[in-house]
Structure formats: C-alpha cells, structure tokens
Amino acid sequence: KTFENWGHFELFEGEFPNGVASLKNCVDQAEAQGVMLGTHFLSNFITTNDPYVTPIPDPRLAKVGSSILTEDVNAATQNIVIESPDFFNQMKNNSLKTVQIGDELIRYGKVSEQAPWTLLDCQRGAYGTKPAAHNANSEISKLLDHAYKVFLTEADLTIELSERMAKLYNQTGMRQISFDGLEGNRSTGLGTYGETLMPYTWYNNLSEEVKNHLIIDASRTTHFFWHIYSRMNWGEPWYGGFRESQTEYRFNNQAYFQRNYMPGMLGWFKMTPETSLEDMEWLLARAAGYEAGYAYVANSEAVANNGQKDQILKLIGAWENLRIGNHFSEAQKAAMRSTEQEFTIQELDNNIWNWTPIKAAIFTHEKKVRQPGEPLASNFEFTNIGKDQSLQFNLTAIDSDVKEIKLELNNYKEIQLPIMLKKGQILKYTGTNKAQVYTSNWQLIQEIDLDAENFKVNAGSNSLSFDCQFVGQDEKPAVKVELRTLGESEQVVIK
C-alpha cells in the first residue's frame with residue numbers, strides 16, 4: 001500500500017513512517033540494486049477520507065448538476081426540499097448518494113416520487129463535514145462519483161492533483177507510473193482532452209532528470225497521450241482465475257498494439273500462494289507467442305507461502321531469457337498464440353532447451369444422485385497429441401475430502417489410487433513411478449508409488465472414467481481433473 005488517500009496522495013504511514021523521506025530511501029536502496037521503483041494510482045479518484053473531501057469539501061469536486069433549496073433547513077433536517085429532481089434521482093450509477101451545500105456534504109436515501117421534490121432520509125455532515133443550517137435558494141449540487149466509492153474532479157482540481165503527483169516523483173526519483181482509471185477525468189467535461197489532461201500535466205511538471213528514464217503505462221491511450229507514454233498494459237487479475245480474468249480482452253489488444261507501434265503487453269497477473277507451475281507456463285508461453293511483456297503482482301506473503309516459488313521464479317527467468325532474446329522461431333510463436341495448447345520448456349544444456357507442446361483437458365467430477373445401481377462415474381474424452389505415453393494429471397479435492405479414487409482408461413484399464421485427498425489438496429502425477437500430494441498452496445505433503453505402465457495411453461483419442469467417494473456432508477463436493485499429454489519436443493538453441 002502506497003497511499004493513505006487519493007487526492008492529496010499522503011503516503012501510508014505503515015510503510016513510510018517518515019513520509020517522502022521514507023519513500024525516497026526505498027527508491028535509493030532499490031536503485032543501488034539496479035531496480036527502479038514506481039507506483040500505481042487511480043488518477044483523479046478522490047477517496048472520502050482525503051482533505052479535498054473532509055472536513056471542508058473542495059468546491060472543485062465534480063458535480064453531476066445542481067438545483068436550489070426551496071425551504072430553509074436546519075442542521076438536523078433529514079428531508080430536504082429542492083426545486084428539481086433532475087441529477088438527483090438517477091440511482092443506477094449513484095454510488096455515494098452525496099450532495100454538497102456550501103461546506104457540508106449530505107447523503108440521501110432517495111428522491112420523493114412527486115413534488116414537492118424531496119431528498120429523503122438525509123444523513124447530515126457526511127464524511128466528517130459539519131452539519132449546518134442553509135437558507136432557501138442556496139445551491140445544492142449532486143456530486144459525481146464512481147463505483148469505487150470515490151469522488152471525481154473538475155479540470156482545475158485534476159491539474160492540481162497532477163502537479164501534486166509530479167512533485168512526489170521529483171522529490172523521490174521514482175521512474176515508473178501506472179495511470180489507472182484515466183477515463184475518470186472525463187468528469188472535467190472536456191471529453192478525450194480531459195482524460196489526457198492528467199498525464200500530460202504530470203509529465204510537463206517532471207524534472208528533466210526524471211524524464212530521462214521513465215516508464216509510463218495506462219489502462220488506455222489517446223492521440224494526446226501517445227507520444228509520452230511507454231505502453232498500454234491492461235487486463236486486470238481481480239475478476240477470475242489466473243487464466244480467466246479478461247483473457248479475451250488481453251489477447252485482442254495485441255493486434256491493436258501492433259497497428260499503433262506499441263510494445264506488446266498482456267496486462268496484469270497476480271501470484272497467489274495457489275499459483276501453479278502450469279498456470280505460470282501458460283502465461284509465459286503466451287508472452288513469448290505475442291512477444292509481449294506483462295505486469296506480475298506478487299507480494300512477499302504470496303511468494304513466501306507458495307511451495308513452488310523457487311521453480312516459478314526460475315521459470316520466469318528462463319522463459320523471459322528466450323523471449324527477449326528472440327530465440328523462438330516464428331512457427332513456435334504462432335503456436336504459442338493459440339489457446340488450444342500449452343507449452344513447457346526443459347533445459348538440456350546451458351544454451352539448449354526442449355520446447356514441448358502440451359494438450360491439456362480440464363474436467364470436473366461432481367457428486368451425483370442417481371437411481372440404485374446406476375454408475376456414478378464421470379466419463380471424459382481427451383486427446384493424446386504425442387506418441388504413446390503415460391498420462392499426466394492433477395487431481396484437486398474441492399469442498400470435500402475424497403477417497404477410493406478410481407480411474408479407468410479406455411474402458412478396460414482400471415487403476416485405484418492409494419491415497420485419500422483432504423479438502424483442497426492436490427495429487428500431481430507427471431508420468432513417472434511417483435506421484436506427489438500437495439496442499440492447496442503447493443507445499444509437498446507426501447509421495448506415493450505408482451506404476452507408469454498403468455497410465456500408458458495411445459496417440460490420438462482416449463477416454464477416462466473417473467470415480468471416487470466423497471467424505472462428509474459438503475453441499476457441492478467435486479474433484480477437478482486436469483489431464484495433460486505431451487507433443488513432440490523441439491530444441492531451442494541460444495546462439
């Protein structure tokens with residue numbers, strides 16, 4: 001966390017006890033290690049705890065529109081009569097339901113359905129402002145807000161915020177910035193120009209030293225912004241799983257970047273304790289295919305608690321070395337742009353890697369209720385894209401313990417796995433004579449012996465019947481079944 005609030009951008013005391021001096025110390029220490037720091041912020045979003053809001057609201061907070069009071073109100077009045085309901089009765093995008101009269105902010109429940117138009121159930125002195133008496137004919141304004149529970153700015157306040165952020169960069173020497181929510185600056189009423197007003201003003205107030213080495217990225221761009229920013233990088237990690245959050249949007253952006261001579265970027269991805277090697281290679285292969293970078297969000301707790309962190313970080317270094325060095329062939333890049341396959345690399349020598357396509361199929365076996373005697377197994381079809389090989393798989397126990405796990409391959413080869421998986425645990429098998437049991441965050445629990453010959457599947461189409469016994473009374477117990485077969489490897493040589 002960098003900021004205590006948005007607007008004045010006061011630094012979070014828990015991380016920066018001495019304010020700007022603490023942040024500059026972090027920047028200097030990182031630079032000594034060859035790392036340059038920056039920050040991400042929500043452009044002109046104003047948090048309700050910011051001095052622009054409390055205890056005296058700034059008159060330059062953006063407004064939807066205004067009316068006037070038709071009656072005097074005292075400091076305790078809860079139903080406030082106004083001349084017109086316009087601007088106040090639009091509830092769909094009304095996240096804070098806040099009006100401003102002079103130096104007081106007031107929140108209201110709704111607007112009466114008929115005249116006299118009245119703001120009902122008003123909460124006086126909102127956000128630490130002071131309740132006050134107001135005379136009839138006083139202006140009352142509906143403040144413009146955003147679903148993030150923040151207020152927005154008029155043009156002059158946008159400029160002031162931009163100058164404030166530039167001053168912080170000049171004081172600390174930070175060299176990267178992410179402008180999130182730039183579209184919020186349309187609150188200025190200046191359209192696309194207003195949207196670009198913030199980064200343009202910020203940039204023009206930077207010292208020449210900071211400008212000399214600077215990375216600027218944003219969620220969007222315009223022709224006013226194109227010549228000063230480094231990259232557009234969006235697609236956020238908060239809305240789905242590692243592979244599911246805004247995936248189509250991320251990939252579709254790559255053609256847009258190429259047309260506009262921009263660096264390829266895949267957006268933001270988030271490392272959690274549960275992030276797997278398979279997820280990581282899925283991302284790294286896409287980055288190589290599109291010749292694109294990405295932002296990887298990883299706090300110290302997530303890294304420390306992921307049992308595969310060392311392997312993940314090593315993979316990032318290896319894949320990025322091959323991608324940035326342009327060591328993949330054009331055919332390999334094209335293959336990695338497809339969502340039909342995944343890919344893995346394995347080092348053979350210092351300068352030689354095996355690059356292998358993978359066909360992955362993910363299924364879910366759920367608890368079923370059927371008539372007596374009817375089989376409860378789930379039947380899946382999958383394709384082996386390579387030669388005859390031992391099937392690889394991950395099994396994850398979802399919302400229940402599971403035991404008596406049975407697999408039947410191609411309707412004749414039945415295998416019972418000698419293991420009980422606790423809720424959230426993962427059984428991982430990579431085609432050898434051992435399988436590993438992990439916690440949900442990839443801490444190794446135990447190994448079990450398996451016979452690789454039992455899992456041999458033919459090239460082409462195959463089938464799997466999966467069954468188990470769920471333990472306990474969970475409402476929706478399931479097992480996530482992820483099957484993987486390897487295609488023919490190719491060598492990638494670093495010359």
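1. A pocket, as the word is used here, is an open set of grid points with protein on both sides within 12 Å along at least five of seven lines. In this predicted model, the largest pocket holds about 1600 Å³ of space. Its lining comprises 45 residues. G38, T39, H40, W268 and V297 lie nearest the centre of the largest pocket. Helices α1 (20–32) and α7 (300–305) each give two or more residues to that lining. So do the strands β1, β12 (176–179), β13 (215–218), β15 (264–270) and β16 (292–297). By class, the lining has 27 nonpolar, 10 polar and eight charged residues.

2. The second largest pocket contains about 740 Å³ of space. Its lining has 28 residues, and L277, E281, L315, T344 and I345 are the closest to its centre. Two helices, α6 and α8 (309–324), each supply at least two lining residues. The strands that do so are β17 (342–349), β18 (352–366), β21 (392–398), β24 (426–429) and β29 (478–486). Here the classes read 11 nonpolar, 11 polar and six charged.

3. Of its 14 residues, 14 are buried, so α6 is largely enclosed by the rest of the structure. E291 follows α6 and has a positive phi, near 50 degrees. Recall that α6 also supplies at least two residues of the lining of the second largest pocket.

4. The structure holds one cavity of 30 Å³ or more. The largest cavity contains about 30 Å³ of space. Its lining is formed by L182, E195, T196, P199, R220, T221, T222 and F225. These divide into three nonpolar, three polar and two charged residues.

5. S43 sits in the loop between β1 (38–41) and β2 (46–47). Its relative accessible area is 0%, under the 20% cut-off, so S43 counts as buried. A polar atom of the S43 side chain lies 2.5 Å from the backbone oxygen of D180. Neighbours within four places in sequence aside, S43 is in contact with F9, L161, F179, D180, G181, L182, N185 and M198. One of these partners, L182, also lines the largest cavity.

6. Y256 belongs to helix α5 (residues 247–259). Is Y256 buried or partly exposed? At 27% relative accessibility, Y256 is partly exposed. Leaving aside neighbours within four places in sequence, Y256 is in contact with T221, M232 and M262. T221 is among the residues that line the largest cavity.

7. Finally, the chain as a whole. It has nine helices and 30 strands. The C-alpha trace spans about 85 × 65 × 45 Å along its principal axes. Of the 495 residues, 49% count as buried. Among contacts between residues at least 6 apart in sequence, 68% join residues at least 24 apart.

Key
Residues numbered from 1 in each chain as written. Predicted model: local features only at pLDDT ≥ 70, side-chain atom pairs only at ≥ 80, totals over all residues. Heavy atoms only, no water. Buried < 20%, exposed > 50% of the residue type's maximum accessible area, 1.4 Å probe, protein only. Helix = DSSP H or I, 4+ residues; strand = E, 2+ residues; numbered from the N terminus. 1 Å grid on protein atoms, 1.4 Å probe; cavity = no way out; pocket = protein on both sides within 12 Å on 5 of 7 lines; lining within 4 Å. Points joined across faces, edges and corners; volume = space filled by probe spheres on them. Nonpolar A, V, L, I, M, F, W, Y, C, P; charged D, E, K, R; others polar. Polar contact = N/O pair within 3.5 Å; in protein donor to acceptor, adjacent residues only side chain to side chain. Contact = heavy atoms within 4.5 Å.
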